[in-house]
Amino acid sequence: MPDSPGEAARFLTRNAVEALPEGDLEKQLQQGRPLRVKLGVDPTTPDIHLGHTVVLRKLREFQDLGHTVVLIVGDYTARVGDPSGRSSARPFADPDEIDRNAVTYQEQAFKVLDRDRTEVRRNGEWLDMAMEDLFRLARTSTVAQLLERDDFAKRYGEGRPITILELLYPLLQGYDSVAIRSDVELGGTDQKFNVLLARDIQQAYGVAPQSVLTMPILPGIDGEQKMSKSLGNYVGVDEPPEEVFGKLMRVPDTTMPTYYDLLMDEPIDPGLSARDQKRALARGLTARFHGDRAAADAEARFDRLHVDHGVPDDVEEHAFAAENGTVHMPALLADAFGLSRSEGRRLLAQAGVRLDGEPLDESAIDLPAERLDGAVLQVGRRRFKRLRSG
RNA sequence: GGGGGGAUGUCCGAGUGGUUAAAGGAGUCAGGCUGUAAACCUGAUGGCUAUGCCUACGCAGGUUCGAAUCCUGCUCCCCCCA
């Protein structure tokens, strides 16, 4: 544990992208009181993935140094839609869904955060304001200022639509900082503009401006784009252990150091092979969210599937119905794996379907029920169902 | 208010009367190789009661033997001028 403000600042900023203004965080720390460290989250999707945990872990570090995290659940801003990094306007989110998401989001966030040092607030508390108050807020910034933002500038330049509501978003986020008197705000680099603008807005309201710390954006398991649910390249903290483990094993080697840097407590072990380094990563992160035991089980299962090319022992059952003693395989595949029947036929034709480990082919459109009962139906490498006539 | 441009499959994007379920790319899925890495190779990629049938190129009509392509109306989006 660092024992001086200078050391603490160095520790906290070590894997951050930027700490702005230069040296400001150290000054904040010199006040010697617990700082109010803000993170705003719009509960547009219910699930936290590893990408979110990068910032959450940083917050946790602040907490471990005695500071207070103010987690703002953006129930109001979610209805506006953060335009950051977006190339087009977002759909309007449904209020009920936002509420539900907010609850699960908090639960998941506490897998990383210290509950006792976290203050949870909803920005609907103060953003549900009178028009007159909105006027005051709207006067704090200019269109030119807002258009400096990359994504706005790009969209404007390309002639894509930007709604007034979207322009308003950074102001609302900035007002959050005023409302909770934040000393520090964290965010991904994509939040840089918003969190900096908040400083101006705080000052316009006569409040001391916050320090800003931006964290790197975690790449997804494709190693290409940022981790995001909509891109399907994410690892959710609430996913089953075998999914967490398996997905992490698919991370490209070149992305692995970034994962270590942003997600792991221990540094990468140079003495290990790339494969084992990745296993350590997968094991460590699975254990963090599910415990050591579950992580070990997940690894064992992984080996069975992908090293031994075997069948896992906890295969889910699928009841099937036979007609005149035969089963229409495209229909069975569709039911069991959520495919269309046409997809089922294609998989059969491409030897993508196995029955007890033996590939089937396009001649297996209809199979006798007795051949299927009790057998394991497999699609690709990792989708299994144990068949049971029902 | 005036003028111009546009809407195609998961996404991007060709196609301006017929061999178009619709080029190409991306993504995804499957097979091979492997460390379920990357790279690479192969194939598939609207649905179905499947050698055929149905649905699809913003929406609704129309012309035609035949339309994503032509005409009319409508909806939505963008740009320029004011």
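## Ground rules

Because the model is predicted, local features need pLDDT of at least 70 and side-chain atom pairs count only at pLDDT 80 or more, while totals for chains, interfaces and linings use all residues. Residues are numbered from 1 along each chain as its sequence is written, chains are lettered from A and ligands numbered from 1 in the order in which they are written, and side-chain values use heavy atoms, with hydrogens and water left out.

## Where the RNA sits

Let's start with RNA strand B. On the RNA side, 65% of the atoms within 4 Å of the protein belong to sugar or phosphate, and bases supply the rest.

Now for the polar contacts (pairs of N or O atoms within 3.5 Å; within protein, one must be able to donate a hydrogen and the other to accept it, and residues adjacent in sequence count only if both atoms are side-chain atoms). Asp253 has a polar side-chain atom 2.6 Å from a base nitrogen of RNA strand B, and Gln350 has one 2.8 Å from a base nitrogen. Helices (H or I, at least four residues) and strands (E, at least two) are DSSP runs, numbered from the N terminus.

## α12 against α13

The axes of α12 (residues 256-263) and α13 (residues 274-290) come within 11 Å and cross at roughly 35°. Axes here are lines fitted to C-alpha atoms, for helices over the stretch in contact, with angles from 0 to 180 degrees between N-to-C directions. On the α12 side, Met256, Tyr259, Tyr260 and Leu263 make the contact (heavy atoms within 4.5 Å); their partners in α13 include Ala274, Leu281 and Arg288. The contact residues divide into eight nonpolar, one polar and two charged.

The whole structure has two aromatic pairs (ring centres of Phe, Tyr or Trp, its six-membered ring, within 6.5 Å; planes under 30 degrees apart are stacked, over 60 edge-to-face, the rest tilted). In one of them, Tyr175 and Tyr205 have centres 5.4 Å apart and planes at 70°, so the pair is edge-to-face.

Most residues other than glycine have a negative phi, and most peptide bonds are trans. Leu20 and Pro21, however, are joined by a cis peptide bond with omega about -15°. Arg181 has a positive phi of about 55° and is found in the loop between α9 and β5 (184-188). Asn324 has a positive phi too, near 55°, in the loop between β7 (317-320) and β8 (326-328).

Methods: Nonpolar A, V, L, I, M, F, W, Y, C, P; charged D, E, K, R; others polar. Near = heavy atom within 4 Å.
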